[in-house]
Amino acid sequence: MSPTESVPYTAESHRPPCGRFAPSPSGRMHLGNLYTALAAWLCAKSQGGTFLLRMEDLDSLRCPRSFADLILSDLEWLGLSWDNGTVPYQSERASIYTYYFDRLRQDGHLYPCFCSRAQLHVADAPHASDGRFVYAGTCRSLTPAEAAERARRRSPAWRLRLPAEDLTFTDGHYGPQRYNLATDWGDIIVRRSDGVFAYQLAVTIDDGLQGVSQVVRGGDLLSSAAPQLYLSRLLGFRPPSYLHLPLLVAPDGSRLAKREKACDTGFLRSLCDSPEPLLGYLAWLLGQLDKPEPLRAQELLPFFDAKKIPARDIVVPGDYWEKLQRKMG
């Protein structure tokens, strides 16, 4: 049975671009999420394109609908409207992911993995430069009989076989990139042992089916483009272009996190009678203004230039941080 959606991706339909913002509603958005949402919205809208929104709530236990509702409210308050009307939730798309999972499995691209978390972390395996675990392929060569025997005792996760192939692409901000799928990533999980589909598979399917041609997101996901491009090829989707943003960091170099109240959107909204001061501040962080000044999102469109986005991670100025800390009491 095929999914209910078709692939609308044609060369003509992606000029102008189709961008998207796909937050995980595991908490209230923070300053870095707002910065990413604004950048993605500006990149699409400044070129006369469309801007889509979806909720990446694959693990519905960690992503209650109440947080998704807050995200919708915050984006509306900022004036970052989306063009797809009803927002899709990944937690409601399991039948679509199952269709493509079954295709990959039937074509021999997947295999069951019975390794426990403890076994994974004591395995003699290489590690990526960012500390990400690279699977050693422990279960890759199991025979059907061996896999069936282990399945009697333990439900498997399912992994995608990634070849020892160099995958190259040009990022819109960081330029030419090269990753070896085998050594930089290893065989990735596409479905967990509890049946929940993994991010890499779901995001690739969703971008393909929604016709997304331009992905703007944080630089911490730069390397993820490699397995997603490979999956796009296997599934027959035309891959999007990528532009990865430098991250916002605190003065001590640490990444902004949802748990920090000074970054929380609810707290930020309590400081502003309207969204214009916050939008102007975000635009300044993105290199679009010489100094922060109140502006509406629409007012940024005529002069937005992605080439002005700073080259390196952006330190949220200490005086701003101290001001927020004082207001927190």
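Which strands and helices do the buried residues of α3 pack against? The model looked at here is a predicted one, so to speak of local features a pLDDT of at least 70 is needed, side-chain atom pairs count only at pLDDT 80 or more, and totals for chains, interfaces and linings use all residues. Residues are numbered from 1 along each chain as its sequence is written, and side-chain values use heavy atoms, with hydrogens and water left out.

Helix α3 covers residues 94-106; helices here are DSSP runs of H or I with at least four residues, strands are runs of E with at least two, and both are numbered from the N terminus. The expected span is 1.5 Å times one less than the number of residues.

Ile96, Tyr97, Tyr100, Phe101 and Leu104 of α3 are buried, that is, under 20% relative accessible area, with exposed meaning over 50% and partly exposed in between (1.4 Å probe, protein chains only). Down the helix axis, the buried residues fall within an arc of 130°, so they line one face of α3; the arc is taken from the directions from the axis to the C-beta atoms. That set packs against β3 (110-113), β4 (157-160), β7 (188-191), α7 (199-210) and α8 (225-235), where contact means heavy atoms within 4.5 Å. Over on the other side, Ser95 and Gln106 are exposed. Just after α3, Gly108 takes a positive phi of about 80°.

As for cysteines, Cys115 is buried, at 15% relative accessibility.
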